[in-house]
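Please look through the sequence and the 3D structure below before reading on.

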Amino acid sequence: MAELMWALADGQTLPVSVAGEGEQPVVLIHGWTCQRSHWQDLLANPPEGTTLLAVDLPGHGDAREVSVSAWSVTALADALFDALGDVENPVLVGHSMGGAVAMELARRKAVKGVVLVDTFVIPYGDLGEEGAKDIESGFYADFPAAIDGLVANNVGPDLPADQKAALARGMASSPADCMLPLWSDLLRWSPEGAFNDIACPIHAINGDLIGDAAKARCAGRVTEWHQQGTWHFPQMEQPAIFAELLGKVLRQL
């Protein structure tokens with residue numbers, strides 16, 4: 001596995017882990033308070049014919065000092081649009097918030113396909129203002145405790161306890177001054193504009209937690225693949241099965 005840096009228009013850089021030597025670039029976009037190392041099992045076993053590019057988004061992981069004009073889904077998509085300048089026709093794979101970023105990026109850049117990884121565990125577009133306030137209030141009150149609760153309620157039993165604890169510690173160490181406004185923006189994000197604008201196929205690899213409202217919104221727009229027995233982190237909870245499912249999705253694009 002190699003490491004490189006992608007340059008942004010303002011001179012800042014984003015770290016990227018690279019695995020595989022195939023012709024098809026696949027950009028791996030992590031979720032809120034997460035980091036590129038959460039794809040480490042997939043990076044160790046790239047699907048045939050791919051080059052995997054796992055990036056740390058601004059404010060996250062090794063890019064925690066990288067800033068954007070506003071802590072929003074669209075600003076992160078704009079940053080990736082800059083960074084991906086020479087990467088042609090990629091597949092975008094986004095976990096959780098990374099799926100929202102991938103959808104916004106696909107409105108700006110020609111891509112071969114978008115793969116959402118349990119993105120709609122939150123029913124974006126159907127949450128409403130009161131629902132957003134109810135979710136975000138605990139994070140503003142006690143960020144580390146709310147992260148602990150998020151991990152406890154969204155990580156399935158297949159992830160070993162030590163890895164689950166490490167995941168919670170890493171997420172809670174994210175800079176709250178960046179993460180909280182980004183969380184507020186994400187909870188109010190609607191996918192409708194992206195659904196209307198995106199011309200490429202959209203697939204989703206989902207765990208067991210996707211609700212009926214999200215399924216109804218995605219019906220006819222997203223091809224769903226169910227990774228049964230996983231919760232919100234299928235790529236970490238069952239990495240071998242996830243890699244197999246992703247390979248099947250990629251072969252259909």
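Predicted model: local features only at pLDDT ≥ 70, side-chain atom pairs only at ≥ 80, totals over all residues.

Residues are numbered from 1 along each chain as its sequence is written, and side-chain values use heavy atoms, with hydrogens and water left out.

**Residue E21**
- E21 is found in the loop between β2 (13–19) and β3 (24–29), where strands (E, at least two residues) and helices (H or I, at least four) are DSSP runs numbered from the N terminus.
- E21 counts as exposed because its relative accessibility is 81%, the cut-offs being over 50% for exposed, under 20% for buried and in between for partly exposed (1.4 Å probe, protein chains only).
- Leaving aside neighbours within four places in sequence, E21 is in contact with T50 and T51, contact meaning heavy atoms within 4.5 Å.

**Residue T230**
- T230 lies in the loop between β8 (223–226) and α10 (234–237), and T230 is buried, with a relative accessible area of 0%.
- The side chain of T230 reaches the backbone oxygen of Q227 at 2.7 Å.

**Helices α4 and α7**
- Helix α4 (residues 128–141) and helix α7 (residues 176–187) pack at an angle of about 170°, with their axes 10 Å apart, the axes being lines fitted to C-alpha atoms over the stretch in contact and angles running from 0 to 180 degrees between N-to-C directions.
- The two helices α4 and α7 are therefore roughly antiparallel, a term for angles over 145 degrees, whereas under 35 is roughly parallel, 65 to 115 roughly perpendicular and the rest oblique.

Technical notes. Polar contact = N/O pair within 3.5 Å; in protein donor to acceptor, adjacent residues only side chain to side chain.
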